[in-house]
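The sequence and structure come first.

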Amino acid sequence: MSDKKENKELLEVSRFDSMDNVKLKKTKEGYLEGTTIASRTGVFKYIKPDGSVSRELRLPEEVFSKESMESFQMLPITDGHPDVYVSPENAQNLSRGFTGQEVIKKDSYILTNVKVTDKKLIDKVEKEGKRGVSYGYSTKLLKKDGIYEGEVYNYIQTEIRG
């Protein structure tokens with residue numbers, strides 16, 4: 001990792017990271033469940049509103065912090081990305097299942113169980129082949145340029161929260 005320029009001002013942002021080909025199995029009750037990747041270390045690329053690319057580093061000490069890992073426990077699952085965060089006021093309308101209590105560090109990944117409980121979403125998975133999963137989270141960006149494992153970055157994600 002090399003340092004060029006550092007700005008201590010943090011910018012709070014929301015991020016969504018996608019993964020395809022999630023394998024879910026049907027439970028005896030008719031729900032779908034499986035294990036998914038919730039997060040990982042490394043450099044991620046995000047397109048800014050002006051079309052430029054932000055390259056953001058997730059360091060192991062940020063991804064695997066106790067607070068980060070616990071924040072991925074028992075989260076509501078939605079179908080797609082709602083325009084608002086799920087809250088007690090809208091959970092009944094938006095929630096289609098939940099992540100599990102157990103969050104596991106495996107290599108450079110955070111893994112968590114998921115359970116889909118909504119019949120319409122179960123049908124989309126089974127009949128239409130919907131397979132992607134996307135974890136939403138908030139983070140604070142620290143402006144810092146460098147190279148991590150051969151990849152250039154210009155921000156470091158801190159305080160990652162599912």
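## Salt bridges

The model is a predicted one. Lys 26 has a relative accessibility of 46%, so this residue counts as partly exposed. Its salt-bridge partner is Glu 126, with 3.1 Å between the closest N and O atoms. Because Glu 126 belongs to helix H4 and Lys 26 to strand E2 (residues 25–26), the pair ties together parts 100 residues apart in sequence. Glu 126 is also partly exposed, at 39%.

The salt bridge between Glu 56 and Arg 15 has an N to O distance of 2.5 Å. Here strand E5 (residues 53–58) holds Glu 56 and strand E1 holds Arg 15, so parts 41 residues apart in sequence are tied together. Glu 56 is buried, with a relative accessible area of 0%, and Arg 15 counts as buried at 15%. In total there are 10 salt bridges, and Lys 119, Asp 123 and Lys 127 are linked in a network of them.

## Nonpolar cores

The largest nonpolar core has 22 residues, of which Phe 72, Ile 110 and Tyr 135 touch the most other members. Strands E3 (32–40) and E4 (42–47), together with E8, H4 and E9, each give two or more residues to this core. A separate core of seven residues includes Leu 142, Tyr 148, Tyr 153 and Ile 156.

## Largest pocket

The largest pocket holds about 800 Å³ of space. It is lined by 34 residues, and those closest to its centre are Pro 76, Ile 77, Thr 78, Ser 134 and Gly 136. E9 supplies the largest share of the lining, six residues. By type, the lining divides into 17 nonpolar, 11 polar and six charged residues.

Note on methods. Residues numbered from 1 in each chain as written. Predicted model: local features only at pLDDT ≥ 70, side-chain atom pairs only at ≥ 80, totals over all residues. Heavy atoms only, no water. 1 Å grid on protein atoms, 1.4 Å probe; cavity = no way out; pocket = protein on both sides within 12 Å on 5 of 7 lines; lining within 4 Å. Points joined across faces, edges and corners; volume = space filled by probe spheres on them. Helix = DSSP H or I, 4+ residues; strand = E, 2+ residues; numbered from the N terminus. Nonpolar A, V, L, I, M, F, W, Y, C, P; charged D, E, K, R; others polar. Core = buried A, V, L, I, M, F, W, Y, C linked by side-chain atoms within 4.5 Å. Buried < 20%, exposed > 50% of the residue type's maximum accessible area, 1.4 Å probe, protein only. Salt bridge = Lys/Arg side-chain N within 4 Å of Asp/Glu carboxyl O.
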